[in-house]
Amino acid sequence: MPSYEFITPDGLVIECVFAMSEAPTIGSTYDHPTFGQITRIASAAQVSPNFTTSTYPYVSHALPRNLEGAKCDAQGHPIIHSRREERNVASRHGYVRAED
């Protein structure tokens, strides 16, 4: 379950764990058993729990339309589903991937 930041009346920032469906809204108060009335604040760090975020599939607007060997969307833009497919399409047509 995710943790949420709260501020105590003394200015101390603490974290409390709630189910997403039960978390108090930002600015509302919560009666904490130890700290009393605490106010939910916006968390300083908003981090995705998905550490393996993938960029695939994606629609390429850089490659030519209706590129042979690649599935394309309705407008003819190639749809790249994996790194392997990206390499195959690139090598088949003499392209190289621009590194970020």
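1. C16 has a relative accessibility of 7%, so this residue counts as buried, the cut-off being under 20%. The model is a predicted one.

2. A search for disulfides through the whole structure returns zero.

3. On the overall layout: the chain holds six strands and one helix. Read from the N terminus, the order of elements is β-β-β-β-β-β-α.

4. Four strands make up an open sheet, and their order across the sheet is β2-β1-β4-β3. The strands in this sheet pair in the antiparallel sense. The edge positions belong to β2 (13–17) and β3 (29–32); each has a single partner strand, so one side of each has no neighbour in the sheet. From one strand to the next, the twist averages 45°.

5. Which strand pairs with β3 over four bridges? The partner is β4, residues 36–40, and the pairing is antiparallel. Within β4, Q37 is the residue that stands opposite D31.

6. Some totals for the chain follow. The chain has 100 residues, and 27% of them count as buried.

7. A last point concerns contacts along the sequence. Taking the contacts in the chain with a separation of 6 or more, 27% are between residues 24 or more positions apart.

Definitions and conventions: Residues are numbered from 1 along each chain as its sequence is written. This is a predicted model: local features need pLDDT of at least 70, side-chain atom pairs count only at pLDDT 80 or more; totals for chains, interfaces and linings use all residues. Side-chain values use heavy atoms; hydrogens and water are left out. Two strands pair if DSSP finds at least two bridges between them. Helices (H or I, at least four residues) and strands (E, at least two) are DSSP runs, numbered from the N terminus. Axes are lines fitted to C-alpha atoms, for helices over the stretch in contact, and angles run from 0 to 180 degrees between N-to-C directions. A disulfide is a pair of cysteine sulfur atoms within 2.5 Å. Buried means under 20% relative accessible area, exposed over 50%, partly exposed in between (1.4 Å probe, protein chains only). Contact means heavy atoms within 4.5 Å.
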